[in-house]
Amino acid sequence: MLLIAMAGAIAWFGAHERGIGAAKVQARWDAASKAQATVAAKADAAARVKEHQQATDFAVIASSYLQATTHDYPSIADTLPAAVAAGAVQLRNNCPATRSGDVPGASAASRERDAAATQALADRVEAAVAAVRAGEQADARERQLGAQVTALQALLNAERKP
């Protein structure tokens, strides 16, 4: 009987200690889980703050890019013919028939030279307008490419910001 009582006491003591040990392990596990949850929540909050800041930075970059690429610059080519007609802009004239003093009074030859000079002027104005338009198109493309490079650099800087 004593043997049975001792065996029962040992079994009870082992079960009791195992329960206490399991409770200690569970308590440590719960504490570690709680600490991990706290760290994860802080990291999540920091990530949300960074995402919000990047979204704000990207919106500013996109706005400045759109403003740089959609801005309407005045066209010199549209105003060039009127400026030449008004005398505000002069095109070089290498044609000797149109220099002042070369055209005699009221002869038929002078009318032909006047017509030739007028046509030459119109041709030069047309050529100047075409050249200015080509230059404006090149400038517009350069502004667009420059705005793209600037925007991409700003995006990289915004992403690398701590």
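Q: Which helix gives the most to the lining of the largest pocket?
A: This is a predicted model, in which local features need pLDDT of at least 70 and side-chain atom pairs count only at pLDDT 80 or more, while totals for chains, interfaces and linings use all residues. Residues are numbered from 1 along each chain as its sequence is written, and side-chain values use heavy atoms, without hydrogens and water. Both α1 (2–70) and α3 (108–160) supply at least two residues of the lining (atom within 4 Å of a point of the pocket, an open set on a 1 Å grid over the protein atoms alone, where a 1.4 Å probe fits, with protein on both sides within 12 Å along at least five of seven lines). The largest contribution, 5 residues, comes from α3.

Q: Which residues of the lining lie nearest the centre of the largest pocket?
A: The lining of the largest pocket comprises 13 residues. By class, 4 are nonpolar (Ala, Val, Leu, Ile, Met, Phe, Trp, Tyr, Cys, Pro), 5 polar (the others, Gly among them) and 4 charged (Asp, Glu, Lys, Arg). Nearest the centre are His71, Tyr73, Glu136, Ala140 and Arg143.

Q: In what order do the elements of the protein run from the N terminus on?
A: The protein has 3 helices and 0 strands, taken as DSSP runs (H or I, at least four residues; E, at least two) numbered from the N terminus. The order is therefore α-α-α.

Q: Which element has the highest mean pLDDT?
A: The average pLDDT (the predictor's confidence in each residue, from 0 to 100) is 79 for the protein, and 83% of the residues score at least 70. Helix α2 (residues 76–86) has the lowest mean among the elements, 76. The highest mean, 84, belongs to α1.

Q: Is glutamine 54 buried or exposed?
A: Glutamine 54 is found in helix α1. Its relative accessible area is 18%, and the cut-offs are under 20% for buried and over 50% for exposed, with partly exposed in between (1.4 Å probe, protein chains only). Of the 162 residues of the protein, 10% count as buried. Glutamine 54 therefore counts as buried.

Q: Which residues is glutamine 54 in contact with, leaving aside its neighbours within four places in sequence?
A: Contact means heavy atoms within 4.5 Å. Among contacts in the protein between residues at least 6 apart in sequence, 79% join residues at least 24 apart. Beyond its sequence neighbours within four places, glutamine 54 is in contact with Ala158 and Glu159.
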